[in-house]
Amino acid sequence: QVQLAESGGGLVQPGGSLRLSCAAPRSIFGPVTMGWYRQAPGQQRELVAHITDNGNTNYADSVKGRFTISRDSAKNVVYLQMNSLKPEDTAVYYCNRLIQPRPWGQGTQVTVSS
């Protein structure tokens, strides 16, 4: 089955940085808007950033100025650079199409703790 594959998570101290990657088959990635989502324990999944096919970006207020989303359309990969991480950023991070999402991948765990 065609799947999204997130990677790059880990344990980091507050103020630290991580770079997440999401590889997707061309059939998913395509010329569509891709998003990064996160889900903390006991909470609903939320959209934190998205990027259009031509590179326009948008961010949730909670991550604006700290996170940067980018994409490499030649490689069918979308990235999320996360700086100045806070404990409240702790969650499982997922990527998916913004419109007509495909089956979710396993996600990658990000834990921000001292």
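A nonpolar core is taken here as a set of buried Ala, Val, Leu, Ile, Met, Phe, Trp, Tyr and Cys residues joined through side-chain atoms within 4.5 Å. In this predicted model, the largest such core has 28 residues. Trp36, Ile69, Val78, Leu80, Met82 and Tyr93 are the members with the most contacts inside the core. At least two core residues each come from β3, α1 (26-29), β4 (34-39), β5 (46-51), β7, β8 (77-82), β9 (91-97) and β10 (108-112). In soluble globular proteins, nonpolar side chains tend to be buried together.

An open sheet is formed by four strands in the order β1-β3-β8-β7, with antiparallel pairing. Its edges are β1 (5-7) and β7 (67-72), each of which pairs on one side only. On average, neighbouring strands of this sheet are turned by 15° against each other, direction ignored. Three bridges join β1 to strand β3 (residues 18-23) in the antiparallel sense, and Glu6 stands opposite Cys22 of β3.

Ser70 has Tyr79 in β8 as its bridge partner. The two strands form a hairpin with four residues between them, and Asn76 in the turn has a positive phi of about 55°. In a regular strand the side chains alternate between the two faces of the sheet. In β7, the covered face carries Phe67, Ile69 and Arg71, while Thr68, Ser70 and Asp72 lie on the uncovered face. Ile69, on the covered face, is also among the residues with the most contacts inside the largest core.

Antiparallel pairing also links β4 and β5, over five bridges. Tyr37 has Leu47 in β5 as its bridge partner. The hairpin of β4 and β5 has six residues between the strands, and Gly42 in the turn has a positive phi of about 75°. On to strand β6 (residues 57-59), β5 pairs in the antiparallel sense over three bridges, with Ile51 opposite Thr57 in β6. This second hairpin has five residues between its strands, and Gly55 takes a positive phi near 95°.

Positive phi values also occur in loops. Most residues other than glycine have a negative phi. Ser84, which is not a glycine, has a positive phi of about 50°. Ser84 is found in the loop between β8 and β9 and is partly exposed, with a relative accessible area of 42%. Gln100, likewise not a glycine, has a positive phi of about 50°. Gln100 lies in the loop between β9 and β10 and counts as exposed at 55% relative accessibility.

Five salt bridges are present in the structure. One of them joins the side chains of Asp89 and Arg38 (2.9 Å, N to O). Asp89 lies in the loop between β8 and β9 and Arg38 in strand β4, so the pair ties together parts that are 51 residues apart in sequence. Both Asp89 and Arg38 are buried. Arg38 and Asp89 also belong to a network of salt bridges that includes Glu46 and Arg66.

A salt bridge also forms between the side chains of Arg71 and Asp53 (4.0 Å, N to O). Because Arg71 lies in strand β7 and Asp53 in the loop between β5 and β6, this pair ties together parts that are 18 residues apart in sequence. The 4.0 Å separation falls at the cut-off, since a salt bridge requires a side-chain nitrogen of Lys or Arg within 4 Å of a carboxyl oxygen of Asp or Glu. Arg71 is buried, with a relative accessible area of 16%, whereas Asp53 counts as partly exposed at 39%. Another salt bridge connects the side chains of Lys64 and Asp61 (3.1 Å, N to O). Here Lys64 is partly exposed at 47% relative accessibility, and Asp61 is exposed, with a relative accessible area of 67%.

Arg97, in strand β9, is buried yet has no salt bridge. The nearest side chain of opposite charge to Arg97 is that of Asp53, 10 Å away. A polar atom of the Arg97 side chain lies 3.1 Å from the backbone oxygen of Ile28.

Key:
Residues are numbered from 1 along each chain as its sequence is written. This is a predicted model: local features need pLDDT of at least 70, side-chain atom pairs count only at pLDDT 80 or more; totals for chains, interfaces and linings use all residues. Side-chain values use heavy atoms; hydrogens and water are left out. Two strands pair if DSSP finds at least two bridges between them. Axes are lines fitted to C-alpha atoms, for helices over the stretch in contact, and angles run from 0 to 180 degrees between N-to-C directions. Buried means under 20% relative accessible area, exposed over 50%, partly exposed in between (1.4 Å probe, protein chains only). Lys and Arg count as positive and Asp and Glu as negative; His and the chain ends are not counted. A polar contact is a pair of N or O atoms within 3.5 Å; within protein, one must be able to donate a hydrogen and the other to accept it, and residues adjacent in sequence count only if both atoms are side-chain atoms.
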